[in-house]
Amino acid sequence: MAKFEEYDVFVIGTGTAGKKVATSCVKEGWKVAIADNREFGGTCSQRGCDPKKVLLGLTEIIDRAHKMKGIGITKMPEFSWEDLMAFKETFVDAIPAKTEKDFEKLGVTMFHQSPKFLDKNTLSVEGKTIIAKKIVIATGQRPLELKIPGREHAIVSDDFLNLEHLPESMIFIGAGYIGMEFAHMAARLGVKVTMMDLAPRPLTNFDEDMVGYLVTASEKLGIKFIFNAEVSEIEKLRKNYRVTALQEGKEISEKAELVINTAGRVPSIDELDLEKGNVAFSKKGVSVNKYLQNPTNENVYACGDVSDSEGLPLTPLSSQEALIVIANLLDPNKPEEVNFPPQPSVVFTLPNIASVGLSEKEAKEKGYEYTLEHKLVPGWFNAKRVNTEEYAYKTLVDKKTDLVLGAHLIGPEASEIINMFVMAMCGKLTCKELKTMIYAYPTWGNDIKGMI
């Protein structure tokens, strides 16, 4: 007879959300196990936000030097991709071992395989049968697999972040935020970049006007866009790869030394056998109610990017959802509902695009009477001093309450300015109050007064 192991909670996934849940529960005296089929520590810290931002640091210097050439900069700086990658490794190398060491110190049992549901409370992992009172799914997302011939020739974002050398040319299949960010990095470092997307424009979740400014900036950088193109095949040639697509009824093709699949990400649930655990799920992830509890298996919770909640697939939201799951695991008699505050989203291209709150369409659909302000402001001091043309904003303000409903920005520091709008919205500060505050000058944050 197979030996059973029993746990109070079994956590699947060791990223931001999973680690937080496991750590909190074990500190309360629960018997906890955790599993991951990849290196412990999750996506953001090893193959997502953090290493990406490290690479961005170099391209920010290149971009700033380019804009200041002839007005202070006399010679463009040299760079070493290899040295940059070595620097990036100092941020990610130690994470798996440190994560495991932390779990070991706390007494959390670890498994290095994706478990499979056998029934509502039973899992199979590493040849063992596990019975868990509660199961928390925090497996995040993975790159979407292209369903085309030759898909094995395309690398994904993980691989891009570990490239030993930069190729002469790249084709990105998909112009979402990952594709756009990496395309900007590569183009600034001298790579010939082509982007192909089925949509009529990149970043369809962001304001169309702000994206329009970004497309213009991207084309100035040398990035070639091919929209309304359905990619049908990737072929390996002698040196390059050929990507074929159908555009407006015609077959087109592009060649490059490297092809990157940035067509999007999907919930990482394929290996879990959720059906056997009676765990409801959708294309967006594991189904959850207002307590982040699965509606068809009350013993299962989901948090982070894998949950089909209203939260965006962002690290800060993963932490927020983890706190709700922890509260409801530890005190089920006082269930806590998940509440999503305004959620900012940023694309770390140069310039950045940032957004929080409602779009024009959403504000109209919700019946708000609002004032809209939309300006391109390259003449503002902050834009002029760094010699940039792409600095614009669009803000929506409720006429009745004078509160900000939404803000959409593009600019060198849009990723920081957007946080000012987040605080204003969360703190329910009126535009009059924002304008009467004293800000440090001349700073990017001070510009918020001119945007409302």
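In helix H5, the residues Ile95, Pro96, Thr99 and Phe103 are buried, where buried means under 20% relative accessible area and exposed over 50%, with a 1.4 Å probe and protein chains only. Seen down the axis of H5, these buried residues fall within an arc of 100°, so they line one face of the helix; the arc is that of the directions from the helix axis to the C-beta atoms. On the other side of H5, Ala97, Lys98, Lys101, Glu104 and Lys105 are exposed.

The buried residues of H5 pack against several elements, including helix H1 (16-27) and strand E2 (32-35), with contact meaning heavy atoms within 4.5 Å. Helices (H or I, at least four residues) and strands (E, at least two) are DSSP runs, numbered from the N terminus.

## How the model is read

This is a predicted model, in which local features need pLDDT of at least 70 and side-chain atom pairs count only at pLDDT 80 or more, while totals for chains, interfaces and linings use all residues. Residues are numbered from 1 along each chain as its sequence is written, and side-chain values use heavy atoms, with hydrogens and water left out.

## A sheet of five strands

An open sheet has five strands in the order E20-E21-E24-E23-E22, with antiparallel pairing; two strands pair if DSSP finds at least two bridges between them. Its edge strands, E20 (345-347) and E22 (370-376), each pair on one side only.

Within this sheet, E23 (residues 392-398) and E24 (residues 404-411) pair in the antiparallel sense over six bridges, and Val404 in E24 is the bridge partner of Val397.
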